[in-house]
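Open the model in your viewer and keep the selection panel at hand. The stops below go from the whole chain to single residues.

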Amino acid sequence: NQLCDIWAVGITAIELAELQPPMFDLHPMRALMLMSKSSFQPPKLKDKGKWSSDFHNFIKLALTKNPRKRPTAEKLLQHPFMAQLLTRTQAIELLDSASNPDLSAGLGMDDTDLDMCDAFPDKIQSLGKHLGLERTLSEVQFDQVKFCPPMRKETDPYPDLGSYDDWSIAGEESNTPSLLECVEEALLERSLTIKRALSSEHSPVDDIDKSGTVKRSAAVSPESSATSLPSASSRSPSLDGTPPLPSANAHNPGTAGGAMVSKNKAERGPPLSAPDPPLSPEWATLRRKTEDSRADCHGLPPTPKVHMGACFSKVFNGCPLKVHCASTWVLPQTRDQYLILGAEEGIYTLNLNELHEDTMEKLLPQRCTWLYVMNSVLMSVSGKSSQLYSHSLAALFDQRKHQQKRPSQRAISTNRLTERIIPRKYAVSTKIPDTKGCQRCGVVRNPYTDSTFLCGVLQSGLVLLLWYEPLQKFMQLKHFAVCVPEPLPLFELLVLETDELPQVCVGVRRGVATGDSPSANQQLQFDIIRLDGTPSAKPDSPAVQAVQVTQMDRDTVLIALENTVKVVNLQGRPSKGLPQELTFDFTIQTLVCLQDSVLAFWKHGLRGRSLQTNEVTQEITDESRVFRVLGTSRDIILESTPTGDPSALSNLYILTGHESSY
């Protein structure tokens, strides 16, 4: 019943305090065996002097072994530990003081520096908590329409996400049995018959497990485990090498249990090898990394990555900001995913793992018209002069934590200090030299050389930066004094196998028909600015009004015209194996590539079409709302405002439920 949840609260409290659950270092079967013994004592905090007596007593009550004597949730809520007045600011201060005792003293700020602070609020709370808002028609449709994850194109940079996961599954072990099957097999070996309600062919849980879900054992209530465990005489071998007691089925292959186990093992082949100390074959699929790598994530297990239908979810209601762009980023220390918004009022963040807080927090006060996140570096076009900046996100978040500790003492933001006080290499935010008046920016990866480039449009030409992995920064490569069309209809970076540097596409034109080429209506030409010194060919055909150009793979490009999408190769000819054209009955604003379809956004909704069959896969229409795509680099971020009132408060949505959103 619900009393097992009280036990789980106590276990979670210990894990939050010590960053590791009790008995995490034991074999799962060994932990279950210990909990089933009558001499088992509930877990306690290891360091008694580090925690208050109220916290010790709270855990002791929650982990009462006898469920009849265990307090209810109503009684625990009246405990002094739960009833104490502790604000969120105080909690942040306590946690920060414990983790960074040397940085507890904040820097003072003179009254003359207060005029540097922006008047717009540092925190913006969503209106969903205080108002009973009715759901719009599009929000109802968002729950009903499912999407595949966005396509990870070959030209998209690959951020360093390897440090986020401390558990992994080897690629050759993807077809190994699920955790439930392993436990059932271990129990069958010990003459215990437990059957599942559903077979593996009809169980969706089994299918999910087989596709790569990693589960980790958790401490459970002793009364729940005692009823499902065998006797002490039929336990599994312990990790310290203690041999198990004899079991009838273990030595008699003729019994039903032994035959079933032998059959299962024969179907799967020889058991996998396990590192020392040896683990049983049923647990050999889990690979644990070193303790150093686990320390980076505080010992918390990763979120299971389950492939399922994704949908748009509202993350903020009533946003007053004039947002220009958006992206997402995962804080490596906590694994919290943040939504980063670039707005006229500054750069704001929203913790997507704490949506119950529903609060945006200002990260930087400067106006921002473009941003991109590469690992833990935020590149932005910010300020009144629209200059390209580089920011250290980890340092900015750490700085904001220290400013929140002492609300009464204003600290000087390090991004406001000049290079005379802080050397350039230690600055949190740095200007990229000679990039004032930056109009447009783009980031692309060359899959042939594995180089990542950032290109910006200036009044004097183009600037190209190269990502340098050892220093974790974009470094200036070269300035190009070229003539850029004004106004600039398009700005897209294309990658060719023969060129080390990307090409800049600034427009699309009708092709010129020749004797052995398709007609001019089918062929298109790109207006290209070459960065390798090769002179660009002068256009000799009429321009077409292209909305967007997207390079899907090494030789496939999508060109979004007014209401059609052309699928061509890098020479502008129709691509083979795909529909030549996708037609829509509205004016396309933004085009997004999913894994199985193309998603076209327009003023009042969106529509998806399959790249294989040209059939409509998704469609959402709401004439009462105006939609605008804010970002597509890693996750799709969408904004909606009431029709006819562009200055009204907006709602923010993000495509969630797919693997890349964790």
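Of the 662 residues of the protein, 45% count as buried, where buried means under 20% relative accessible area, exposed means over 50%, and partly exposed lies in between (1.4 Å probe, protein chains only). This is a predicted model, in which local features need pLDDT of at least 70 and side-chain atom pairs count only at pLDDT 80 or more, while totals for chains, interfaces and linings use all residues. Residues are numbered from 1 along each chain as its sequence is written, and side-chain values use heavy atoms, with hydrogens and water left out.

**The whole chain**

Show the cartoon. The protein has 14 helices and 31 strands; these are DSSP runs numbered from the N terminus, with helices (H or I) of at least four residues and strands (E) of at least two. Contact means heavy atoms within 4.5 Å. Among the contacts in the protein with a separation of 6 or more, 57% are between residues 24 or more positions apart. The accessible surface comes to about 34,800 Å², and carbon and sulfur atoms hold 53% of it; the areas come from the Shrake-Rupley method with a 1.4 Å probe, and for residues only the protein chains shown count as cover.

**Helices H1 and H3**

Select residues 3–18, helix H1, and residues 53–62, helix H3. The two pack at an angle of about 145°, with their axes 8 Å apart. Axes here are lines fitted to C-alpha atoms, for helices over the stretch in contact, and angles run from 0 to 180 degrees between N-to-C directions. H1 passes H3 in a left-handed crossing, a term for a near helix turned anticlockwise from the far one by less than a right angle (right-handed if clockwise).

Which residues make the contact? On H1 they are Ile-6, Trp-7, Val-9, Gly-10, Ala-13, Ile-14 and Ala-17, and on H3 they are Phe-55, Phe-58, Ile-59 and Ala-62. By class they are 10 nonpolar, 1 polar and no charged. In this scheme Ala, Val, Leu, Ile, Met, Phe, Trp, Tyr, Cys and Pro count as nonpolar, Asp, Glu, Lys and Arg as charged, and the others, Gly among them, as polar.

**Ser-126**

Select Ser-126, in the loop between strand E1 (123–125) and helix H7 (137–144). Is Ser-126 buried or exposed? Ser-126 counts as buried because its relative accessibility is 4%. Not counting residues up to four places away in sequence, Ser-126 touches Phe-316, Asn-317 and Asp-358. Its side chain reaches the backbone nitrogen of Asn-317 at 3.1 Å.

**Cys-325**

Next, pick Cys-325 in strand E5 (residues 323–330). Cys-325 is buried, with a relative accessible area of 6%. Leaving aside neighbours within four places in sequence, Cys-325 is in contact with residues including Ile-340, Cys-368, Trp-370 and Leu-630.

**Two positive phi angles**

Asn-375 is in the loop between strand E9 (368–374) and strand E10 (377–382). Asn-375 has a positive phi of about 60° although it is not a glycine, and counts as buried at 10% relative accessibility.

Asp-434 is in the loop between strand E12 (429–431) and strand E13 (440–446). Its phi is positive, about 60°, and Asp-434 is not a glycine. Asp-434 counts as exposed, at 60% relative accessibility.

**Ser-451**

Move to Ser-451 in strand E14 (residues 451–458). Ser-451 is buried, with a relative accessible area of 19%. Its side chain makes a polar contact with the side chain of Thr-449 (3.2 Å). A polar contact is a pair of N or O atoms within 3.5 Å; within protein, one must be able to donate a hydrogen and the other to accept it, and residues adjacent in sequence count only if both atoms are side-chain atoms.

**Pro-487**

Select Glu-486 and Pro-487. A cis peptide bond joins them, with omega about 0°. Pro-487 is in the loop between strand E16 (473–480) and strand E17 (492–494).

**Ser-597**

End at Ser-597 in strand E26 (residues 597–602). Ser-597 is buried, with a relative accessible area of 0%. Beyond four places in sequence, its contacts include Val-592, Arg-609, Leu-611 and Gln-618.
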